[in-house]
Structures are given as structure tokens and as C-alpha cells.
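Please consult the sequence and the coordinates alongside the text.

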Amino acid sequence: MKHRRILLVVILLAGILLPVMAADPPHATKATDVEYKQVAEPFIGTSVRVQGMGGAGLGVKGYHDSFLFNPANLAGSGFKLSLPSITVTAFNPKKILESGAIDEFEKGGDAGMISGAQKLLGVIGKGYGDFLTTDVSTTFTLGGFGLSLQMQERMMTYKAGADLTGTNLIAQLTAAVTLGFGMRINAVPNILSIDLGLNVQAVYKTYLTALTASPIISKWMEGEGKFEELKPLLLNETPLVAGWAVPISIGANFNFPYGLSLSAVARNINGNYTMTTYGSLNDWGETLLKKRFTEDAPKNSAILEEGWTMESPWSLDFGFTWAPTFLGNIIKPTIAIDVVDVMAMGGKQADELTQSFLEQTRLGASVRLLSMFDVRYGLNQGYQSIGVGFDLLVFHIDAAYYTLNYGSGLASKESLDALSLRFSIGSR
Amino acid sequence: MKRHIVLVLLVPILALTLISCDGDVSSGFAKFLGNFGGNVYIDGGLVEANKADVKAATSTIAGLGIGEGAKTVKEDDVINDFGINVTIPDGVTSVMKPQPKADQDKLKDDLASTLNSTQQTAELKEELKKPVSDERKEAVKGTVAVFNSTIEALKKELGSDPNTNKDLKDAIDKLKLDEVGPGDTITEGDVLLVQLMTNLISNTIGTLDEVKGADGLGSGLDDNKDKLLPIINDALFTAQIAEELSGAAGIDFSGQLDLANLLSEMNKSSRTSRDDDDDFDIADFVGSINNLGPELVKMFGMKKISGVYRWEKDGDYRQFINTQQAYRGALEHALTFAEKGSHLGKLKNRGLAFDGSSAIKYLIAVVVTELNAWEPENTKSIISKTITANEWLATGAATADTEWVEPVFDEDAGFEDFGKSYGIDDADYVKQIFTNVKRINDVAGIKQLSDLIEEFLGVDGDFDEWFNELIGKGV
């Protein structure tokens with residue numbers, strides 16, 4: 001009975017991992033195809049700290065992941081080791097709580113599980129969105145050098161209509177290694193110092209063909225409810241897209257007295273991915289690892305399309321940060337104002353320019369108390385965010401509730417709220 | 001150290017607390033999160049919610065049916081604006097012209113941009129409910145009449161032999177719209193739909209004419225399959241707009257079903273004999289009925305007036321029927337040309353969103369339009385009396401004890417003899433409807449349903465027996 005329950009939930013919820021549209025290639029799989037727009041987004045990983053501050057923090061130093069947002073933050077960063085950091089983000093938490101899905105899951109039994117899964121998927125709205133992300137990372141900095149290993153699982157959604165069965169779910173797995181170096185130049189002693197930094201990131205991204213509930217249910221019925229019958233679909237029949245990029249980020253901080261600094265970061269230079277569409281996970285394994293994961297005979301060609309380019313444009317961000325140190329460790333406020341992708345404002349005038357400026361601006365503030373507690377607040381394109389952090393020796397816990405815009409411009413009001421929880425050991 | 005362990009466990013403890021807390025706490029937490037919702041820039045008036053797309057779309061629609069978009073005509077004039085000669089019927093003084101290609105593209109772009117935004121879609125729907133001027137009403141009235149005449153003329157051009165290009169003729173015939181009555185209110189939505197249908201038929205005629213071979217219109221399609229794709233795009237876009245206007249696009253059919261109970265019932269029925277399969281017990285489907293019923297009644301546009309569920313004005317019923325006709329007609333148009341051009345595998349992402357409920361929406365449109373084609377007044381009465389007698393359909397208040405109440409129809413309604421009196425005696429016509437359901441389901445539905453339909457329609461299937469019962473030749 002327990003297995004059956006699990007299976008039912010797998011079908012309705014986790015079953016989304018099983019794309020089953022392999023029967024009739026060629027598939028729409030590229031970022032230029034409507035369902036896949038989000039796969040081309042540059043990879044940066046989820047920072048609960050930054051999200052709690054409204055997405056701002058280009059010039060905020062002192063955290064193990066600061067250099068991932070601005071390589072210049074490596075200058076004088078000293079030794080830091082985060083081992084590991086785990087972040088889980090659930091999207092639509094408010095709607096999930098209101099949907100009654102949790103109550104249904106608590107009831108248990110087949111009916112509760114099915115109803116809970118149905119209500120959980122029912123919160124996914126029309127357009128683009130995310131469902132769940134999990135980030136795992138390890139970061140090390142020393143003497144101006146920084147190294148970070150990151151892995152992220154991201155479940156994206158795209159829904160063209162209102163019906164639950166029309167929800168496209170795209171599972172993406174990204175692995176990245178970032179190597180950075182930063183140095184400080186004391187341009188005018190006690191007046192101005194300049195931090196310069198460079199990050200080189202090697203990113204490997206994979207995602208599975210989008211799928212909807214209908215083919216999953218269909219294949220499940222074909223397999224008479226046996227999970228094993230779905231396995232070949234996942235491993236052998238579903239096209240998988242994988243590819244790499246080596247984006248570069250260059251950053252600079254101009255540090256002034258009283259904790260004031262100005263930052264500039266050119267990120268995702270050379271960010272285009274070289275992608276290959278494989279016939280399945282088995283075909284990917286055979287091509288790259290010389291290993292198939294199941295005995296099934298190939299269903300598709302091993303490589304459906306090789307060496308195509310997925311464009312991911314670079315951007316130029318500016319930041320202003322005020323992080324005074326004269327108050328010591330009792331209370332340490334930070335204010336950060338970032339203007340991201342400033343080139344998006346190009347050619348705009350008057351009201352349109354004002355609106356574009358607000359869209360590109362991230363505002364954040366945090367207060368650190370007794371070197372132990374952080375309280376954060378921010379505005380990301382006008383959407384509020386809150387966050388808290390707690391450090392005790394080597395253990396760190398952060399939480400943030402925030403809203404992200406998925407529409408074209410903040411005024412589209414196409415947004416999703418998200419709740420992130422992070423746990424890490426080592427340096428904060 | 002113990003304190004450290006507690007702190008390490010704080011994340012999972014918090015998470016578990018969150019997901020296992022009782023309803024009140026969950027609700028309280030959701031309320032707390034709600035304090036951080038909204039957008040302070042928009043709420044504070046610093047930025048206006050984006051209405052650029054909807055403004056562009058409504059501005060374009062407001063220009064339809066007047067000025068250069070319309071043509072003054074008189075009875076017995078012969079016009080060729082739709083691509084085929086049509087004689088102006090009695091009483092028609094103005095006709096909306098098919099738009100030039102550039103204007104069609106602009107209208108589609110404006111609408112598509114609007115429909116990409118949930119907020120703007122809602123705004124557009126409100127705008128499209130607004131009544132239009134008498135001048136534009138006359139244009140819509142005239143266009144519907146000429147549009148229907150154009151379809152008749154096109155069918156003739158496609159061959160006088162009923163079997164020549166039968167599939168094309170059947171599909172085109174379903175594009176016909178209900179005539180506008182003197183007391184009908186015409187809205188911006190009506191104008192838009194009529195313009196899109198006008199563009200669709202004009203583009204279809206243009207393409208058929210362009211690719212025609214020696215055998216005239218309807219020939220040469222096999223050699224020009226790629227040229228049929230724009231017709232499919234037009235048709236699916238028109239179907240998408242009709243679906244939005246009808247309200248069907250906003251219904252989450254699958255999400256409203258009580259899946260847990262339905263699956264449980266399926267399991268039960270699979271364990272019992274086939275003889276029991278026909279038993280319908282409301283109690284088994286209470287959840288689904290209560291969720292979907294009110295949504296459907298709302299989609300039908302009916303209201304409870306003096307204790308009776310009905311359409312407030314005749315025009316409301318006509319609008320409901322017109323959107324259903326346009327949805328069905330445009331969808332069948334797309335399917336027919338997709339079949340002709342071997343494009344059935346390319347129907348996704350061309351306007352209309354296909355999902356597990358598309359076949360249901362199509363079937364609703366088929367039932368409603370067939371009933372209306374049989375006898376509009378009776379159809380209004382049948383739907384009204386059925387819902388009034390079973391009010392729980394509209395209120396979503398069915399319980400396990402609720403019983404179906406047979407509505408009392410007028411004796412002369414003849415609903416019992418619907419099959420015979422309507423004259424659905426063409427098995428191929430009905431088979432085509434099932435084939436369409438299968439094709440729609442093939443795009444994004446459950447494969448087993450397609451297999452079942454295929455089996456039903458096959459040589460050894462039960463179609464003939466079922467059809468004979470439908471038309472009153474029961475075995």
C-alpha cells in the first residue's frame with residue numbers, strides 16, 4: 001500500500017521528471033522555443049542572503065559567496081571555507097499554504113496524496129515560473145583567490161493555458177566551477193582604494209525535454225501502474241540537452257571612507273553555451289561516459305543535434321554600498337543599491353526611462369547584530385523581500401521570502417513568491 | 001554542543017513545523033507572507049501597471065468595422081472582397097472587409113502580446129464586453145450575413161458533387177455564424193471575432209485559389225502543403241480568441257476534477273461487472289461536479305433571474321453560441337487543413353493552447369452548436385430547465401444525497417426525438433467529430449483515450465450500434 005501511495009504521488013508530482021514525448025521527434029528543445037526560454041538564463045546559484053536583500057549586494061563583502069556576485073570582493077577576503085552549503089527554494093509558498101495541499105498530504109492515503117499533489121500542481125499559474133530549486137555548493141577563498149563548486153537542480157514551469165494538464169515542467173541540472181582572483185590597489189591612502197577581480201566559470205548545463213501530465217498518466221497506464229515500466233522512458237526515450245559555457249565576470253569596487261563603495265561588474269562575458277541534443281540520458285552516458293544506464297536498445301539517434309549555440313547575453317551592473325564599520329561588531333548596518341543590466345535602459349526617455357530604471361534597480365538593507373544575527377529587507381523591482389540569518393560558530397542558517405518577476409517588465413505583474421532556506425557549515 | 005545540534009536541526013525543524021502545522025497556523029503563516037505581496041512601486045503609483053499591449057489591442061479593435069475597415073453596400077450588389085463573388089443579401093448596408101496582411105499581423109501581435117499577460121488578458125476581456133455603436137453593429141450584422149453567403153458560395157466552388165472535397169466543405173460550413181437579430185447587443189468582442197473569422201475565410205480562399213490545380217478550388221493541396229500552415233495558424237489563433245471570449249480558456253478542468261475520487265471509482269468499476277458500468281451515481285462525482293458545475297454555468301453566461309437560470313437577454317445567448325461556433329469552426333478548420341497538409345503533428349504553440357481538457361472543450365462546443373443548429377429556442381429552454389431543475393449544478397452544492405431531477409420539457413420541444421428530428425443521419429459526419437476529438441487529444445491528451453476512440457470507430461467497434469441508437473434506429 002505504501003508503495004502504491006508513493007507511486008501515485010510520483011505520477012502526479014515527482015513523475016514530472018519523466019518526459020515522455022520522445023516518440024515523435026524532432027522536438028522543440030531550444031531556448032528560442034517558447035517553453036524553454038528560461039534555460040538560457042545565466043547561472044549564478046541561489047543566494048538566500050542576496051534574495052533577502054531584494055537581489056542587491058554587488059559590493060557586500062565578507063561572505064563566502066560574495067565573490068560570485070562580484071569578483072572584486074575577493075580582494076582582501078582572507079580565508080573562508082563553506083563546506084557545504086545547501087539551499088532549498090520552494091516557489092508559490094503562499095498559494096501552496098492556502099491551497100490545502102498540505103492538509104491533504106497530512107490526511108495520507110491514496111486519496112490524500114493524489115488530492116495533495118493535484119492541489120500542489122494547481123498553484124502553478126499561466127506563463128513562466130519555477131517550482132522548486134535545490135542548490136549545493138562548496139566555496140573556498142584565500143589570499144585573493146576563490147574557488148566555488150556549485151550544483152543546482154531547478155524545476156522550471158511554463159503553462160500556456162489554464163488547465164493543470166497543460167503545465168510544462170522542465171528539469172534542469174547545472175554544475176559550475178568558478179575560479180576567481182581579486183586584488184586591491186590603494187590609489188589614495190585612506191581616501192580611495194580600488195578592488196579589481198576576475199571570475200572564470202566553467203558551467204555544464206543539462207535539461208530534459210518538457211513534459212506535461214497527460215503523457216505521464218498515459219505511460220503509467222500502459223505500464224499498469226508499475227514504476228519500473230516508466231524507467232526506460234526516463235533513461236532511454238527522453239531527449240536530453242546538455243552543453244557548456246565558460247563565462248567570465250570582471251568586477252571593480254571603488255572604496256571610500258566611512259564604508260562607502262561603488263561597484264561595477266561586467267558579467268557573463270562569453271556566456272553563450274555550446275549545446276548538444278542527445279536522444280536520451282542513456283545516449284548521453286554512452287557518448288560521454290561510454291556507459292548506458294539501462295539495457296534498453298537506443299530508441300532515438302544518439303545525437304539529435306550537435307554543437308548548436310544557446311545565446312546568453314552579457315550584462316553590466318553597477319552598485320552602491322554603505323557598510324560602515326565604525327559601530328564595531330554590536331550593530332553593523334549595510335545598505336546596497338544595485339542597478340543591473342544597465343544596457344536595458346539604453347534608448348529610453350522620460351517615463352519609460354524612469355520605469356526601466358526602477359525595473360533594473362535592486363534595493364537592500366541588512367542589520368547584523370552581535371556578529372550573530374542578520375535581519376534583511378529589500379525591494380526587487382518593487383517587490384518586497386525579507387530575510388533572516390543566524391550564525392553560531394561554524395553553523396549558519398538563512399531564510400528569505402521574496403518575489404521574483406517573470407514577466408516583461410515589473411509592470412506586467414507576472415510574479416512568483418519564493419521561500420528559500422539555507423544551511424551551511426564553515427565560514428558565513 | 002547540544003545547543004549546536006539544535007541549531008543545526010533548526011532548518012528541518014522549521015520546515016517540518018511549516019508543513020505539519022494545522023490549518024490555522026498554515027493560514028496564519030500564509031497571511032503573514034501576504035503582508036509582503038504586491039508591488040510597492042505599482043501600489044504607490046510610482047509605476048503604472050503595464051497596459052500598453054491591451055491599450056494597443058483595444059485601440060486596433062476600436063477601428064474595426066468603421067472607416068476603411070468597412071464597406072457600404074446595397075442589396076444585390078456583387079462584391080469580391082472575400083475572394084469570391086457574393087451577392088449582398090436583403091437588409092445589408094455595411095460589410096467589414098478582410099484586413100490587409102499588415103493589419104492582420106498587427107492585430108494578431110497586439111492580441112498575442114496582451115494574452116501573454118494574465119493581468120492584461122483580464123483587462124482585455126472587460127474591454128471586449130463593451131457595446132459598440134449602431135454603425136459598427138450594422139457592419140457586424142451585414143458581415144455575418146455576407147460571411148455565411150461566402151461560405152455557401154465557397155462550398156459551391158469546391159464542387160457540386162456532395163462527395164467532392166466533402167471534408168473541406170464540412171469544415172468550412174461549420175464556420176457559419178448566427179445572424180444578428182434587431183435587439184441583439186453587439187460588443188467589441190463580437191466585432192473582433194467577426195473580423196478574425198472574416199480574415200480567416202478570406203485567407204483560406206486566397207490560399208485555395210493560389211494553389212488550385214486543373215480541377216479548381218480544393219485541388220493542388222497535396223503539392224502545396226507548406227502553404228496550408230498559415231491557414232492553420234490563423235484558425236488556431238481565431239480559436240484561441242474565441243476560447244478566451246467564451247470564458248473556457250480560464251477554466252482549469254483537470255484541476256477542478258476530484259481526481260482522488262474519480263480514480264477510486266475507476267478502481268471500483270474495474271473490480272465490478274460491466275453490467276454495473278452504466279450506473280451513474282452523483283455521489284461518486286460530487287467533488288468534481290461542485291467544482292466544475294458553477295464554472296460551466298458561468299461560461300454559458302447564464303444567471304438566476306426570478307428563480308430561473310437563463311440568459312438575461314437574447315443577445316447573451318447569441319454571444320455564447322457565437323463564441324462556441326467560432327471556437328469549434330476554427331478548430332475544425334485547423335484540423336482539416338492540418339490533415340490535408342500532413343501537419344497534424346505541428347499543432348502545438350500556434351495560438352490555441354492544447355492540453356488534457358481541449359477535447360472536453362471541443363465536445364462542449366459540438367454539443368451546444370449542434371443543439372443550437374437543431375432549434376435555438378428549444379436549446380435555450382432545454383439548458384435553462386435542466387440547470388434550474390438541478391440548481392446544484394450552478395451553485396456547486398451537490399451532496400452525496402443529491403438526486404438528478406428530470407427537467408420537464410415542452411411537449412413540442414421534441415428533445416426525445418432529437419436525433420431523428422434534427423436529421424443527424426450521416427454516420428460519416430458524426431464519425432468525423434470523434435476523429436476530431438482523437439486528433440485534439442493526440443496533441444496533448446492521454447494516449448489511451450485516442451486508442452479507445454480509434455477502437456470505437458474501427459471495423460469491430462461499437463460506433464454503428466451507438467449511432468443507430470442516437471438517431472432512433474435502436475437495435
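Chain B is divided into domain 1 (52-220) and domain 2 (253-470), the bounds coming from an automatic or database domain assignment. The structure is a predicted model, in which local features need pLDDT of at least 70 and side-chain atom pairs count only at pLDDT 80 or more, while totals for chains, interfaces and linings use all residues. Residues are numbered from 1 along each chain as its sequence is written, and chains are lettered from A and ligands numbered from 1 in the order in which they are written.

Taken over C-alpha atoms, the centres of domain 1 of chain B and domain 2 of chain B are separated by 27 Å. Between them, 16 residues of domain 1 of chain B are in contact with 18 residues of domain 2 of chain B; two residues are in contact if their C-beta atoms, placed from the backbone, lie within 7 Å. On the side of domain 1 of chain B that touches domain 2 of chain B, helix 9 (166-173) and helix 10 (188-211) of chain B each supply at least two residues. Helices (H or I, at least four residues) and strands (E, at least two) are DSSP runs, numbered from the N terminus. By class, this side of domain 1 of chain B has seven nonpolar, three polar and six charged residues, where Ala, Val, Leu, Ile, Met, Phe, Trp, Tyr, Cys and Pro count as nonpolar, Asp, Glu, Lys and Arg as charged, and the others, Gly among them, as polar.

In secondary structure, chain B comes to 22 helices and six strands. Two packed helices are described by the angle between their axes and the distance between the axes. Axes here are lines fitted to C-alpha atoms, for helices over the stretch in contact, and angles run from 0 to 180 degrees between N-to-C directions.

| Helix pair in chain B | Angle | Axis distance |
|---|---|---|
| Helix 16 (358-374) and helix 20 (427-444) | about 155 degrees | 8 Å |
| Helix 10 and helix 11 (229-246) | roughly 165 degrees | within 10 Å |
| Helix 10 and helix 15 (314-340) | roughly 25 degrees | within 11 Å |

Helix 10 of chain B is therefore roughly parallel to helix 15 of chain B; angles under 35 degrees count as roughly parallel, over 145 as roughly antiparallel, 65 to 115 as roughly perpendicular and the rest as oblique. The crossing of these two helices, helix 10 and helix 15 of chain B, is left-handed, a term applied if the near helix is turned anticlockwise from the far one by less than a right angle, with right-handed used if clockwise. Their contact involves B:Asp190, B:Leu193, B:Met197 and B:Leu200 of helix 10 of chain B, together with residues of helix 15 of chain B including B:Gln319, B:Ala326 and B:His333.

Helix 10 of chain B and helix 11 of chain B are roughly antiparallel, and their crossing is left-handed. Among the residues of helix 10 of chain B that meet helix 11 of chain B are B:Leu193, B:Met197 and B:Leu200. This contact divides into eleven nonpolar, six polar and one charged residues.

Helix 16 of chain B and helix 20 of chain B are likewise roughly antiparallel to each other, but their crossing is right-handed. In this pair, B:Ser358, B:Ala359, B:Tyr362, B:Leu363 and B:Val366 of helix 16 of chain B meet residues of helix 20 of chain B, among them B:Ile433, B:Val437 and B:Ile440. The contact has eight nonpolar, three polar and no charged residues.

Chain A has ten helices and 17 strands. Of its 428 residues, 52% are buried, against 39% of the 475 residues in chain B; a residue is buried if 20 or more other C-beta atoms lie within 10 Å of its own, exposed if 12 or fewer, and partly exposed in between, with C-beta atoms placed from the backbone.

Between the chains, 52 residues of chain A are in contact with 50 residues of chain B. Elements giving two or more residues to the chain A side include helix 6 (109-122), helix 10 (350-360) and strand 17 (415-426) of chain A. The largest share, six residues, comes from helix 6 of chain A. By class, the side of chain A that touches chain B has 24 nonpolar, 17 polar and eleven charged residues.
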